[in-house]
Amino acid sequence: MKRATIAALTLAACALAGVASLRGQGSRSILTRPAPPADHRIAYGRNEFQFGELRLPKGAGPHPVAIVIHGGCWLSQYGLGYMGHVAADLTSAGIATWNIEYRRIGNEGGGWPGTFEDAGRAADHLRELAKSYPLDLTRVVATGHSAGGHLALWLGARRNLPKESPLHTADPLPLRGLVPLAGISDLRKTGTACDREVAQLMGGPAAEKTAIYNLGSPIELLPLRLPQVIVQGDSDTIIPVAMAREYAEAAQKKGDAVTLRLIEKAGHFEVVDPNSPVWPAIREEIRAMLIPAEKKKAATP
């Protein structure tokens, strides 16, 4: 079987910071640390949870865009706040960010299909935002954490939905690539901290909802025909490394251009904490999809 390309990001900064800081709970504090404020909070629908936070870099633009999607096992008690740190950092690096909220388990209309509808509607709303803000819609990537990584992959996969699907969109917003961060890529695979919530999200277990799982699980919708960088901490106890490996191998077998980035000594939250020593390399993976090398070189002082 063709093996996924594995590039371990062993950063010198990790040694300077100390392995203990990566293995500990330090980065979990990102769940409660206030993020820098967004430039704009904008609704993409009528429901109270159908909104996003737009952050714009300095300069005239048009700016490349990252769709940022939070995790939390798709549960209503977890919101977009903590991913504001990622969004703000990416924006400081020259990328406009659209940090989206969506209906979750526990919200009216959350779960299947509402959660998926919101992710798609929020992404497509960038077309409306581009009428008022300097956004380059030819350079858009989706990134997300944990359950948000699932939705980021699904955004790339929704072009493959059959026309009879309630989630089919004739003209979904094109994406340049996908960078899930400790993402849930296979809704049928057990062993994650979100196993129970998967059944809640999909309205039942996989054995009883085969058709729905086929439409909602990214691994079932391969190939995505998009570049993908799968970022995973090798010490993650919430989303197993095996899921990332198996998805990357399945995607490569289908012909997708996929790189698996295993981050040594990193857990579940370091990959979304800009204060973590591993974050700069992850930021560069996202920038590499959006900013051509020649433009990066020209922008270097």
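**View 1. Strands S8 and S9 lie parallel in this predicted model.**

**View 2. Strand S8 is buried along its length, at residues 228-233.** Because 6 of its 6 residues are buried, S8 is largely enclosed by the rest of the structure. In a regular strand, side chains alternate between the two faces of the sheet. Gln228, Ile230 and Gln232 point one way from S8, while Val229, Val231 and Gly233 point the other way; all are buried.

**View 3. Strand S7 pairs with S8 in the parallel sense.** S7 spans residues 177-181, and the pairing has 2 bridges. Leu178 has Gln228 of S8 as its bridge partner.

**View 4. Strand S6, residues 135-145, is largely enclosed by the rest of the structure, because 9 of its 11 residues are buried.** S6 runs parallel to strand S4 (residues 63-69), with 6 bridges joining them. S6 also pairs with S7 in the parallel sense, over 5 bridges. Ala142 in S6 is the bridge partner of Ile67, and Ala142 also has Leu178 in S7 as a bridge partner. From S6 the chain crosses through H6 to S7 in a right-handed β-α-β crossover.

**View 5. The largest nonpolar core contains 88 residues.** Ile67, Trp74, Trp98, Leu126 and Leu155 touch the most other members. Helix H6, residues 147-157, gives the most to this core, with 7 residues.

Notes: Residues numbered from 1 in each chain as written. Predicted model: local features only at pLDDT ≥ 70, side-chain atom pairs only at ≥ 80, totals over all residues. Heavy atoms only, no water. Buried < 20%, exposed > 50% of the residue type's maximum accessible area, 1.4 Å probe, protein only. Helix = DSSP H or I, 4+ residues; strand = E, 2+ residues; numbered from the N terminus. Pairing = 2+ DSSP bridges. Core = buried A, V, L, I, M, F, W, Y, C linked by side-chain atoms within 4.5 Å. Right-handed = clockwise from strand over helix to strand, strands pointing away.
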